[in-house]
Structures are given as C-alpha cells and as structure tokens.
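My notebook is open, and I'm going through this model piece by piece. Here is what I looked up, in the order I got to it.

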Amino acid sequence: MTGFNLEGKTALVTGASQGIGEAIARRLALQGARLVLAARTADKLEAMAAEIGETGGEALAWPLDLSRTGEIGDRLKELPEPFNAVDILVNNAGITADNIFIRMGQEEWDRVLNTNLSGAFAVTRALARGMMRRRWGRIISVSSVVGMMGNAGQANYAAAKAGLIGLSKSLARELAPRNITVNVIAPGFVETAMTDRIPEKQRDGLVEMIPLQRLGTVEDVAWATAFLASEEAGYVTGHVLNVSGGLYI
Ligand SMILES: NC(=O)c1ccc[n+]([C@@H]2O[C@H](COP(=O)([O-])OP(=O)(O)OC[C@H]3O[C@@H](n4cnc5c(N)ncnc54)[C@H](OP(=O)(O)O)[C@@H]3O)[C@@H](O)[C@H]2O)c1
C-alpha cells in the first residue's frame with residue numbers, strides 16, 4: 001500500500017455516491033479502512049460497496065438523507081456491527097441552490113443550510129460520542145474556499161461552508177482531550193458534476209485565476225482527506241486545509 005495505513009479503522013463518508021465523496025470513500029478503502037457509504041441514492045452505494053468488496057475491501061451501503069435532520073441520529077444508531085464503531089467521519093455531502101441575494105428565497109436558504117450544515121451537525125453529534133468513548137477519532141468536513149472568500153450568487157452556500165469551519169474549530173477544542181482531531185478541507189474548483197455545469201468560457205477564466213493553472217481532481221481532495229484521517233496527522237486539529245491549487249492563499 002502506498003501512503004497512509006488505515007487498516008482496522010472504520011470510516012463513514014457522507015455524499016459517497018458520486019464526485020468527491022466517492023473518491024474519498026474509494027481512497028480510504030484502498031488505504032485499508034472499512035467503509036460506511038452514506039447518501040440518498042441506494043443503488044449507486046450498493047454497486048460501489050460490491051465493487052469495494054470484490055477488490056478486497058469492506059464496505060456497507062447506508063442510505064441516509066441529510067436534509068431529514070431529525071431522523072439522522074436514529075438511522076445511525078441502526079448501523080450493524082462492526083460498522084457502528086465509526087473512527088473517521090467525513091462530512092462531505094453538499095448541495096448548491098445559487099441565486100443573487102436579492103432573489104434568493106427562504107426555501108433556497110433553508111435547503112442549503114439544512115443539508116450542508118445542519119446535516120453535518122446531526123451526523124457529527126451522532127458519531128462523536130462513540131469516538132469519545134474509544135478515545136480516538138477523526139472528523140473531517142469538506143467546506144470550500146467559498147466559505148472563506150465568499151462568492152456572488154452563493155450567499156447560502158458560502159454561509160453553510162463558513163459555518164462548517166466555525167463548527168469544526170469549536171469541536172476541535174472540545175474534543176481534543178479525547179484524542180479526536182477535527183479538521184476542514186477547503187477545495188477550490190474540482191472537476192465534478194458540480195463544476196461540469198460551468199460554461200466553457202467561464203471555466204477558462206477560472207483556470208487563469210488558479211496559480212497551479214488547472215482545476216483540482218477528486219483524487220487531490222481524497223489524498224488530503226487520507227492524510228487528515230491518518231495516525232500521522234494526530235497533531236493537526238482545528239485546521240483548514242486548502243486544496244485549491246493556490247486559488248485561496
Ligand atoms: N466540486 C467542486 O468544485 C467543489 C469545490 C469545493 C467544495 N465542494 C464540496 O465538496 C462536496 C462534494 O462535492 P461534489 O462536487 O462531489 O458534489 P456532487 O457531485 O454534487 O455530489 C454531492 C454528494 O452529496 C450527496 N447528497 C446531496 N444531498 C444529500 C442529502 N440530502 N443527503 C445525503 N447525501 C446528499 C449526493 O448523493 P445523493 O444525491 O445520492 O444523495 C452526492 O453523493 C460538497 O460538500 C461540495 O460543496 C465541491
């Protein structure tokens with residue numbers, strides 16, 4: 001195995017059905033972790049779990065809707081052994097509902113804050129207790145450079161992503177005595193379904209703003225996550241790791 005050894009650890013990744021979350025889940029599995037794959041689309045998760053199983057890994061598909069915040073705790077309590085002892089939590093799931101502020105409706109605000117921030121809060125609260133008991137844990141949330149820089153047309157998304165940073169920094173302080181680290185990854189522009197929607201002309205303009213002169217790949221984000229999940233990152237907590245090609249410095 002190249003890189004960090006996560007054998008013996010159980011990881012739960014939200015938004016594991018595609019894009020960055022899928023890459024993170026596959027990377028953590030390749031590094032030896034047992035995986036719980038969470039998102040709404042059950043068939044995609046099941047296909048992925050089967051594939052990981054066929055290649056010598058261990059994964060469980062666990063359909064979960066983060067927007068139903070009141071049900072998350074109970075749903076996670078139902079996780080079967082040995083998948084219920086989650087050591088590594090990756091809060092990755094996220095949605096956008098962009099609009100210029102003056103036209104942004106309450107529903108668009110609530111939907112994004114609910115899934116991206118309240119959903120992460122509910123999952124973290126459900127899983128932190130077990131980590132505290134076992135005195136080992138890694139909580140990693142996928143924010144965005146937009147949470148630090150702001151972005152016109154994304155007031156709801158930027159607020160949720162900034163919220164993840166405040167939540168993580170507070171939790172880092174609270175959970176440090178239990179040997180749990182809490183960190184944030186802030187990707188810039190990554191090639192996924194989310195960025196495929198950007199018109200080509202605008203994409204070229206974006207690349208010009210990125211010192212490393214390319215969009216990120218899902219693997220760039222997955223490797224950063226594997227590091228923060230590792231034993232070797234045990235002295236890193238409350239940190240925001242930019243994976244943005246220098247877009248945010
Ligand atoms: N792509 C970028 O350039 C970029 C840059 C910075 C930050 N990010 C952040 O990185 C994360 C992943 O982005 P991505 O580009 O990979 O997005 P994506 O391709 O749209 O995937 C989003 C994932 O979140 C899941 N999800 C959405 N709503 C959910 C809900 N209510 N409950 C559970 N799961 C839900 C989706 O699965 P289901 O539909 O199956 O539920 C999917 O697996 C997001 O938090 C995003 O904000 C992305």
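This is a predicted model: local features need pLDDT of at least 70, side-chain atom pairs count only at pLDDT 80 or more; totals for chains, interfaces and linings use all residues.

I began with strand E5 (residues 137-142) and strand E6 (residues 180-187), which run parallel and are joined by six bridges. Ile 139 has Val 182 in E6 as its bridge partner. Two strands count as paired if DSSP finds at least two bridges between them. Strands (E, at least two residues) and helices (H or I, at least four) are DSSP runs, numbered from the N terminus.

Residue numbers start from 1 along each chain as its sequence is written.

Next, the whole sheet. It is open, with seven strands in the order E3-E2-E1-E4-E5-E6-E7 and parallel pairing. Strand E3 (59-63) and strand E7 (240-243) are at the edges with a single partner strand each, so one side of each has no neighbour in the sheet. From one strand to the next, the twist averages 20°.

Then I checked the helices. Helix H4 (residues 106-134) packs on the sheet and touches strand E1 (10-14), strand E4 (88-91), E5 and E6 (contact: C-beta atoms, placed from the backbone, within 7 Å). The direction of H4 makes about 170° with that of E4. Angles run from 0 to 180 degrees between N-to-C directions, with axes fitted to C-alpha atoms, for helices over the stretch in contact. Helix H6 (residues 155-175) lies across E5, E6 and E7, at about 160° to E6.

Conventions: Two residues are in contact if their C-beta atoms, placed from the backbone, lie within 7 Å.
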